[in-house]
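Hi everyone, thanks for coming. I'd like to walk you through one model today, looking at its pockets, its surface and its charged pairs.

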Amino acid sequence: MLHLTQSQAALAFLVLITPICAWVVFTDLKYMKIRNNAVYALLAVFAVAGPILMPFDLYAWRWVNALAIFALGYILNQIAHFGAGDAKFAAAAAPYFSTNWDHIMLMVMLLTAFLLAAFTAHRIARSISALRAMAPDWVSWTRKDFPMGLALVGTLWAYLLILAISG
C-alpha cells in the first residue's frame, strides 16, 4: 500500500479507468452494447490497483458494493428490461464508490444529472443530420432505447474527478 490520500487514490483510479470508460462510451453509442471485456477490465483495474491505492480493509469491503449492485442489476434486467451490459458495468464500477452517506448522495445526484443530460444530449444529437452523417452506422441513432453507458461512465468519471480535486 502506498498510503495515498483519498484524493490521490481517486486520481490514480481516474487515470487508469479513463481508456476503459472511453471504450464503453464508444461501443455503447455504436453498437448499444457494453462489452464484457470492458467490464472485466474495469474490475481488473480495481482488483490490481485497489490494494495498492487504498487501505486493504476498505478495499476488501468495496467488493460488497459490486455484489449488491450486480444483484440489483440482475433484478432490474429481469423485471424492467435494464440492459445486461449496463447492469454489469454498474456492478464493476460500484467498488470505486464509497458507502459513506455523503458519497452515496453525491453518486445519486451525479447519476440523476448524467441520466438527464446524456439522454437529452443524445436525443438532440441524433436529430441533427450532420452529426448522424459523421457516424452513420451507430445503432444508437435508430434504437428506441437509450445508451445508458453514457450516464454510467459519466457518473463514475465525475465522482472520481470530484474526489481527486477535493483533496
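Let me start with how residues are sorted here: Ala, Val, Leu, Ile, Met, Phe, Trp, Tyr, Cys and Pro count as nonpolar, Asp, Glu, Lys and Arg as charged, and the others, Gly among them, as polar. Please also keep in mind that this is a predicted model.

With those classes in hand, let's take the second largest pocket. Its lining has six nonpolar, three polar and five charged residues. That makes up a lining of 14 residues, and those nearest the centre are M32, G83, D86, D145 and F146. Helix α4 supplies the largest share of this lining, with three residues. The space inside comes to about 290 Å³.

Now for the largest pocket, where the space is about 540 Å³. Its lining is made of 23 residues, and I69, A90, A94, M107 and L111 are the closest to its centre. Two or more lining residues come from each of α3 (56–80), α4 (84–93), α5 (101–126) and α7 (149–165). Among these, α3 gives the most, with six residues. And how do the classes divide in this lining? There are 17 nonpolar residues, six polar and no charged.

Let's move to the charged pairs. How many salt bridges does the count come to? It comes to two. In one of them, D137 pairs with K30, and the closest N and O atoms are 2.3 Å apart. D137 sits in the loop between α6 and α7, while K30 belongs to helix α1 (residues 6–31), so this pair ties together parts that are 107 residues apart in sequence. Are these two partners buried or exposed? D137 is partly exposed, at 46% relative accessible area. K30, at 13%, counts as buried, because the cut-off for buried is under 20%.

The other bridge joins R143 and D145, with 2.8 Å between the closest N and O atoms. Here R143 is partly exposed at 33% relative accessible area, and D145 is also partly exposed, at 35%.

Last stop, the surface. I124, I128, L131 and M134 form a nonpolar patch there, and together they have about 380 Å² of accessible area. L131 is located in helix α6 (residues 129–134). With 33% relative accessibility, L131 counts as partly exposed.

That's my tour, so over to you for comments.

Notes. Residues numbered from 1 in each chain as written. Predicted model: local features only at pLDDT ≥ 70, side-chain atom pairs only at ≥ 80, totals over all residues. Heavy atoms only, no water. 1 Å grid on protein atoms, 1.4 Å probe; cavity = no way out; pocket = protein on both sides within 12 Å on 5 of 7 lines; lining within 4 Å. Points joined across faces, edges and corners; volume = space filled by probe spheres on them. Helix = DSSP H or I, 4+ residues; strand = E, 2+ residues; numbered from the N terminus. Patch = residues over 30% accessible without salt bridge, like charges linked within 9 Å, V, L, I, M, F, W, Y side chains within 5 Å. Areas by Shrake-Rupley, 256 points an atom, 1.4 Å probe, with all protein chains shown as cover. Salt bridge = Lys/Arg side-chain N within 4 Å of Asp/Glu carboxyl O. Buried < 20%, exposed > 50% of the residue type's maximum accessible area, 1.4 Å probe, protein only.
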